[in-house]
Amino acid sequence: ETLQVRLYCEKHPLISLELIKQCSQKLYGANYQENLKEISEELIEKILEINQKGITLYYKNLLERLFVYKNAADVDEKGYTDVSEFSPLILALPSQTSKEEVMCSLAAGVKKVVENISPRGNELYFKMAAHICGHLGRLYKASTVSLESMKNSRESIRWCENAETIMKKGGFEDAYIYHMYGTSLSKQCQDAIKGWNDELENCSAENIEQLEADLEKAISKFDEAIYAGEFVRGCISKLSLLMEYMKFLMKWKKIGSADELQKLSAEQRGYIRDIDDMISMLDDTVLDGKDRSRLLNLQGKYKSEIIFNNYGKAIEYYTNSIDNIVKKKGEDAEELYILRSGLASSIIGKYFQNKKNPYLEMEEKDVARILEALEKNIFSTVVLPDRWEHQRRCNDCYRWLRIAKQSTTAVRTGIKVAEKWKELQKEAWLRDPRPYYYMAVLNYLDALDGYEDSL
């Protein structure tokens, strides 16, 4: 009954601790650490009992600050933020099992409520419920109990799936939900990779096929996180997973040099293309010190473990592959899309490796090769199957415009590329100001050349 009264307010941690001690002593006659789980579950039960048909902002903030967020400062005015750990209360519970039981009690309770109410007028409840289910998934993923690893992985994915279901029923989109789901699926892939690394000789083509199917599921969730606004975290998580998988795959296929990259299937070469694209996109993004350090580490591994520090061989490989496919299938073959972009990336990489800036110091012949390859990709008639393919082609537009500054290519060709970039963005519901910037600058230059229609 006392919960009907507005007693909750933020207090100093030492005062809060003393209040918990007194509650535990009066309710259970025991040390608070021994009964923290019981106190937490009783509090959850009472709050959910009061909020069966909806929830006020007051109770929403109370539950999230106690059981989800690391501290009050982590919560923005909408109640959402970038949280990497768990709340002090959850961390204070004496065992992993007790942490899971308390969060499961909360997640099961809010899930049951939102299954029986309408999203209309209950947006706060649905957003809170989705976050709580997602954080329970994170808690299972973070478990270090090796004997329960398979069960924890399944539970992690199940609760993240519940979070996504609630989010969709609630009619909103949240990048954190997608990212939490992606990391749970990614952990499943990483565990499988680790297992097969220990039994490489027993890993079959069917096992690789299943692993890649699971990999695609994780990647799709990271892509959703990227498009919903979590660009840096989504890209780095996706990049890390693909790097780990490609390192394992090349070990399984016994690829020891750039010459042997031809052992990869077209789809697997596509993963290398994705890695290169994400490194390129992140390189052009403002990152904090931690993310920049992670990117530099992944870049180093990419150069040494995926392309073997040999851009010359990679360029030769891509050039020969392109020539062979054009002879067999013509200029519109779907495989050429990945290979042309790979060729451009390898030429750019060669300059970086030689301590030169490819966007200022590139030789004329290399500029011409890159522009030709990327232009064919940009205006290709190959149908783009998903948003990530649109993002890839947008990245090709950006690289073309940067490299073209060193050429004598007509300004009007640049305008066409920038317009194509804008068109691709609209098709995929992407938001990036750069194509508009290039269009404005290039049209201005075109007007200076006497083409008044560019004004």
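Helices here are DSSP runs of H or I with at least four residues, strands are runs of E with at least two, and both are numbered from the N terminus. In general, two packed helices are described by the angle between their axes and the distance between those axes.

The contact (heavy atoms within 4.5 Å) is made by Val232, Ile236, Leu239, Ser240, Met243, Met246, Lys247 and Met250 of α10, together with Asp291, Arg294, Leu295, Leu298, Lys301, Tyr302, Glu305 and Ile306 of α12. Sorted by class, the contact of α10 with α12 has 10 nonpolar, one polar and five charged residues; Ala, Val, Leu, Ile, Met, Phe, Trp, Tyr, Cys and Pro count as nonpolar, Asp, Glu, Lys and Arg as charged, and the others, Gly among them, as polar.

Next, select helix α5 (residues 96-114) and helix α7 (residues 149-170), whose axes come within 12 Å and cross at roughly 30 degrees. That angle makes α5 roughly parallel to α7, and α5 passes α7 in a left-handed crossing. Among the residues that make the contact are Cys104 and Ala107 of α5, and Trp159 and Ile166 of α7. By class, the residues of the contact of α5 with α7 divide into six nonpolar, two polar and three charged.

Move on to helix α6 (residues 123-141), which has 19 residues and reaches 27 Å from its first C-alpha to its last, close to the 27 Å expected at 1.5 Å a residue; the expected span is 1.5 Å times one less than the number of residues. Is α6 enclosed or exposed? Of its 19 residues, 15 are buried, so α6 is largely enclosed by the rest of the structure; buried means under 20% relative accessible area, exposed over 50%, and partly exposed in between, with a 1.4 Å probe and protein chains only.

Two lysines in loops come next. Lys254, in the loop between α10 and α11 (266-283), has a positive phi of about 60 degrees although it is not a glycine, and at 65% relative accessibility Lys254 counts as exposed. Lys355, in the loop between α14 (335-353) and α15 (364-378), has a positive phi near 60 degrees and is exposed, with a relative accessible area of 76%.

Then select Gln391 in helix α16 (residues 387-404), which is buried, with a relative accessible area of 13%. Leaving aside residues up to four places away in sequence, Gln391 touches Tyr227, Met281 and Leu430.

Finally, zoom out. The protein has 18 helices and zero strands, and buried residues make up 49% of its 455 residues.

Residues are numbered from 1 along each chain as its sequence is written, and side-chain values use heavy atoms, with hydrogens and water left out. In this predicted model, local features need pLDDT of at least 70 and side-chain atom pairs count only at pLDDT 80 or more, while totals for chains, interfaces and linings use all residues.

Definitions and conventions
Axes are lines fitted to C-alpha atoms, for helices over the stretch in contact, and angles run from 0 to 180 degrees between N-to-C directions. Angles under 35 degrees count as roughly parallel, over 145 as roughly antiparallel, 65 to 115 as roughly perpendicular and the rest as oblique. A crossing is left-handed if the near helix is turned anticlockwise from the far one by less than a right angle, and right-handed if clockwise.
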